[in-house]
Amino acid sequence: MRQVIKVEKAQCCVFNNQINREIASLNGVYSVNVDNYKNEITIDHTTEVSFEMIAQKLEENGYKVKREVENLNSTEKIEQPEINDPFAVKAKEWDTPMKVKMAEKFVYEMHQNINFSKELKVLDFGCGTGLVGLLIAPLVKNVVLMDTSTSMIEVLKSKLENVKKENVKVINSEVFAYTQNDIDIVFSLMAMHHIENLTETIDHITKVLKPGGILVIGDLKEEDGTFHPEESVAHNGFNISQLSDIIEGSDMEVTKAYVYNTIMKNEKEYEQFILIAQKANEPTEE
Ligand SMILES: C[S@@+](CC[C@H](N)C(=O)[O-])C[C@H]1O[C@@H](n2cnc3c(N)ncnc32)[C@H](O)[C@@H]1O
């Protein structure tokens, strides 16, 4: 995939070959081109590296990265080039009765295990059009909705225009763009199987959680790849025990994991599980 990052005065900071070396040192970057006339840096890379990681490297080297931030009805948008968005064609038709029902079932299952209350700040990772996050919004103090798909976020933003949720913040970016550690609960429905850099993502989610914070994942159990017949995804569902090992490698304890739903798609059945993990509490002082 390709990112074109606009900077202020590309030639003013360091020599091009130095910044080339610096960015190329990030795992997953395979080509860097600095355009001194357009003040643009074009980076070809795999999903191992995110916009934020590249921007951070540029800033460490004295570049001022132009991040277009838009504040509109408490909606924040970190501008990213429209790259490889597999949800671009699906976004407008996403909210089918089946998807709405799926979100409601996940929310119902979360309620069986978690007490959402007005003191909490929660984050919906891979929020899509907000089917889950907007059901939780009225129950908590703040909701952060994050997704890399600009098209899905556009649909979500159009819903917010009508509803005007003051406690909702939308971020069109990778989770790595969220750098506070003030979240009580992160939840995520059907997004994790799209994530290639799963360990790094879970590690970052652990960081944004407060001590004792909770992660809730709703996703597919292992399937034979037929759930996404037209595209390949990072994971054909998950083996719950292997996923638990990844999560437990990240200062979290999996407290519950079980199958809560079965979806019918193209006359086949697919099981969905819910997994709940808790971040360790800060070590108590003796
Ligand atoms: C199957 S959809 C689920 C959307 C929503 N959670 C729902 O249940 O309706 C998966 C979502 O994950 C998002 N996604 C994929 N990779 C992502 C990443 N690295 N960071 C954040 N979101 C991502 C996609 O853009 C998409 O909106």
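## Overall architecture

Two residues are taken to be in contact if their C-beta atoms, placed from the backbone, lie within 7 Å. On that basis, among contacts in the protein chain between residues at least 6 apart in sequence, 68% join residues at least 24 apart. The model is a predicted one, and its protein chain holds seven helices and 13 strands, with buried residues accounting for 36% of the 286 residues.

## Nonpolar cores

The largest nonpolar core contains 55 residues, of which Leu123, Val132, Met146, Val186, Leu215 and Val216 touch the most other members. Strand S11 supplies the largest share of this core, namely six residues. A second, separate core comprises 15 residues, including Ile5, Val7, Val49 and Leu58.

When its neighbours within four places in sequence are left aside, Val186 is in contact with Leu123, Phe125, Ile205, Val208, Leu209 and Leu215.

## Helix H6 and its cover

Helix H6, which spans residues 198-208, has Thr201, Ile202, His204, Ile205, Thr206 and Val208 as buried residues. The elements that cover the buried residues of H6 include the strands S7 (121-125), S10 (183-189), S11 (209-220), S12 (252-265) and S13 (268-279), together with helix H7 (240-248).

## Ligand surroundings

The ligand is surrounded by 20 residues, and the closest of them are Gly126, Gly128, Ser149, Leu189 and Ala191. By residue class, the shell around the ligand divides into twelve nonpolar, five polar and three charged residues.

Terms used:
Residues numbered from 1 in each chain as written. Predicted model: local features only at pLDDT ≥ 70, side-chain atom pairs only at ≥ 80, totals over all residues. Helix = DSSP H or I, 4+ residues; strand = E, 2+ residues; numbered from the N terminus. Buried ≥ 20, exposed ≤ 12 C-beta atoms within 10 Å, placed from the backbone. Near = placed C-beta within 6 Å. Nonpolar A, V, L, I, M, F, W, Y, C, P; charged D, E, K, R; others polar. Core = buried A, V, L, I, M, F, W, Y, C linked by C-beta atoms within 7 Å.
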